[in-house]
Amino acid sequence: GDPRAVAYALGNLGSLYERDGQTHDALYLTRRAIESAERANASDALYRFSWQEGRLLWRQGRAMPALAAFRRAVEILDETRDETLARYGSAADHFRRVVAPIYLDYVDALLRGSGMVEGADAEQLLLVAARATMEKFKAAELRDYYRDECVAEIDARTRNLDEVLASAGPRAAVVYPILLRDRIDLLVSLGGRIERYPVAVPAEKVRAEVARFQRTLQNRITQRYRGPSRVLYDWLVRPYRERIREAGVDTLVFVPDGSLRTVPMAALHDGERFLVQDLAIAVTPGLSLVDAGPLKARDARLLMAGLSEPVQGFSPLPGVDRELQAIRELFGGEILLNDAFSRERLEQELVARSPNVLHVASHAVFTGDPATSFLLTHDSRIDLAQIGDVLAPTQYRPDPLELLVLSACETAAGDERAALGLAGVAIRAGARSAVGSLWKISDAATYRLVVEFYEALKKSGVSRAEALRVAQLSLLESPEYEHPYFWSAFLLVSNWL
C-alpha cells in the first residue's frame, strides 16, 4: 500500500539484476519501479530509476530510448533540485556518488551518440545538448557547494557565451573539457560550431597528473613541473592547437571541470613555450557571462581595500600599502587600509562611491567548504555566504561591478571543490569578471604582477585577458620570477573582454 516503498524495493532489486548482467529482467523491474514512483509522485525515486533505465537501455544498444531515459532523469533533478536537500553524511560525498554520475552518464551517451549519427547537423545537435547538460551539472554543483538553491542564478543581466563569441569575432575560442571515466572530451567552440576532440585518458590518470603538476609547481628551485606540464598540454591543448592557429585565435576561454579547475592553464608547456606566451587565457564557470563587454579605462571607478598589518592571527602583508598606492596613481579611487577596512565601512563605500572595480589586497581563503572560506577584513571574516550580501549594492545598478580583484587569495591545494570558491564569489557579487590566485605568492611578485596588469588595462583596446597575459609575461621574462610558481597562479574568471 506504499507506492514509494514499492518503487525503491523494485528499483533496488533491478539494480542487483543489473550488477549480475541480467539486463532484461533488470529493465522489467526498473520500469515497474518507475510506475510506482510516478503513482507516489516520488521525484527522488523517479530520477534514480530513470537513470537506471537509461544505463540498461544503453547496455542493450538501444541508444535513442536510453538518451530519452537519461534526459528524463536530468530534467527531474534540474526541476526538483534534490541536491540541495538536507541529508546525513557529507554533502560533497553525496553529490559525487549520487548526483554527478546521472549528469555525466547522460553527457557520455550524448557524446558517444554524436559519433554514431550521420550528418553534421545531427552531430551538432547532440554536441550542443551535451554541453547544455554540463551547464546544468555545473549549476547543480554550485548549488550543492553553497547549499543554496539560488546561488547559480545571476541576478544581473547575462549574455550567453556563444553570443559573446559571435560579437567578438573569430579571435577567441571556448574550450570545454569534460572529464569522463575513460577519457577527456574536449568541446571547442569556434566559428559558430562545436568541434569535438576525444582524448583516451581515464579521469583518474588526469587527476593524478594534475596533482603532480600542482606539487611540482610549488618547488621554485627545480623544473620538475615540466613533465606534467607537457603531459597536460598534450591532453588539453595539442589536439586542437593547429586548428585554432589556422583560425587566428588569440584568446582561449576554458570552462574547466573537476580537478581541471585547479590547473593554471597559462603554465602548460608544449616543450618549447608556455601556453601564455602564445595566447591570452581566461576561465569561466559556465557559458553565461554577466553582460560581457570591454572595460573602458576612462570610466573606471575604483575602490581599494587591504591589510598590511597583522590582524586576527594572520601574518602582515607589508607590500599592500605600496600596491594600493600604485593602483591609485594609475586610476585614482578611494583606499581603505588596515583599520579603515572594516565590513561596515566597505558596505558604506560600495553604496556611496558606486565603484565598478573593487580591488581587495587581504587574506582570502577558499576551501572545499564555503563555511570555512572567507575574506579577511580588519574586524571580521566575511564568509562566502555573506559576500553576496556585502556586495549586493553593486548588483542592481545600471553598471554592475566590472572587475573584482583578490590579490592575496589562495585555494586549498588539491581540493577541486575549493576551486568553486573564486567562481562563486564572482557569481554572488554579480561581477562581470574576477581575478584571483590559486596560491599565495610573495608580496614583491604580487606587487609587480598587479601593477603591470593595471598598467596594461589602462591602455586603449587591451582586453582583461590580454592585460593579465602582459603582466604574467613581464614576470616570466624576469630572471627573478621566471618560474611559473610566481606568475601562473593568477586566474581571470568569466568576462575576458
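**Exercise 1. Identify what covers the buried residues of helix α14, and decide whether this helix is enclosed or open.**

*Solution.* The cover over the buried residues of α14 includes the helices α6 (120–146) and α13 (384–390), together with the strands β11 (364–366), β14 (403–406), β16 (433–437) and β17 (490–494). The structure examined here is a predicted model.

Step 1. List the buried residues of the helix: L420, G421, L422, A423, G424, V425, A426, I427, R428 and A429.

Step 2. Of the 10 residues of α14 (residues 420–429), 10 are buried, so the helix is largely enclosed by the rest of the structure.

Step 3. Examine the position that follows.

**Exercise 2. Classify R183 and Q22 as buried, partly exposed or exposed.**

*Solution.* Step 1. Recall the cut-offs: under 20% relative accessible area is buried, over 50% is exposed, and values in between are partly exposed.

Step 1. Apply them to R183, which belongs to strand β3 (residues 183–190). Its relative accessible area is 7%, so R183 is buried.

Step 2. Look for a polar partner of R183. Its side chain and that of D108 are joined by a polar contact of 2.7 Å. Beyond neighbours within four places in sequence, the residues in contact with R183 include D108, L111, R112, R196 and P202.

Step 3. Apply the cut-offs to Q22, in the loop between α1 (3–19) and α2 (23–40). Its relative accessibility is 32%, so Q22 is partly exposed. The C-alpha atom of Q22 is 9.5 Å from that of L56, a residue 34 places away along the chain.

**Exercise 3. Describe how α11 packs with α15, and how α9 packs with α10.**

*Solution.* Step 1. State what is required. Two packed helices are described by the angle between their axes and the distance between the axes.

Step 1. Take α11 (residues 320–331) and α15 (residues 443–458), whose axes come within 10 Å and cross at roughly 10 degrees. Angles under 35 degrees count as roughly parallel, so α11 is roughly parallel to α15. By class, their contact has 10 nonpolar, one polar and five charged residues.

Step 2. Take α9 (residues 226–236) and α10 (residues 238–246), which pack at about 65 degrees with axes 5 Å apart. Y233, D234, W235 and L236 of α9 meet R238, P239, Y240 and R241 of α10. This contact has five nonpolar, no polar and three charged residues.

**Exercise 4. Describe the largest nonpolar core.**

*Solution.* Step 1. Give its extent: the largest nonpolar core has 170 residues, and L236, Y240, F254, L268, F453 and W496 have the most contacts inside it.

Step 1. Name the main contributor. Helix α5 (residues 91–114) gives the most, with 11 residues.

Step 2. Look beyond this core. Another core of six residues lies apart from it, with L27, L56, A66 and A69 among its members.

Methods
Residues numbered from 1 in each chain as written. Predicted model: local features only at pLDDT ≥ 70, side-chain atom pairs only at ≥ 80, totals over all residues. Heavy atoms only, no water. Core = buried A, V, L, I, M, F, W, Y, C linked by side-chain atoms within 4.5 Å. Buried < 20%, exposed > 50% of the residue type's maximum accessible area, 1.4 Å probe, protein only. Helix = DSSP H or I, 4+ residues; strand = E, 2+ residues; numbered from the N terminus. Axes fitted to C-alpha atoms, helices over the stretch in contact; angles between N-to-C directions. Parallel < 35°, antiparallel > 145°, perpendicular 65-115°, else oblique. Nonpolar A, V, L, I, M, F, W, Y, C, P; charged D, E, K, R; others polar. Polar contact = N/O pair within 3.5 Å; in protein donor to acceptor, adjacent residues only side chain to side chain. Contact = heavy atoms within 4.5 Å.
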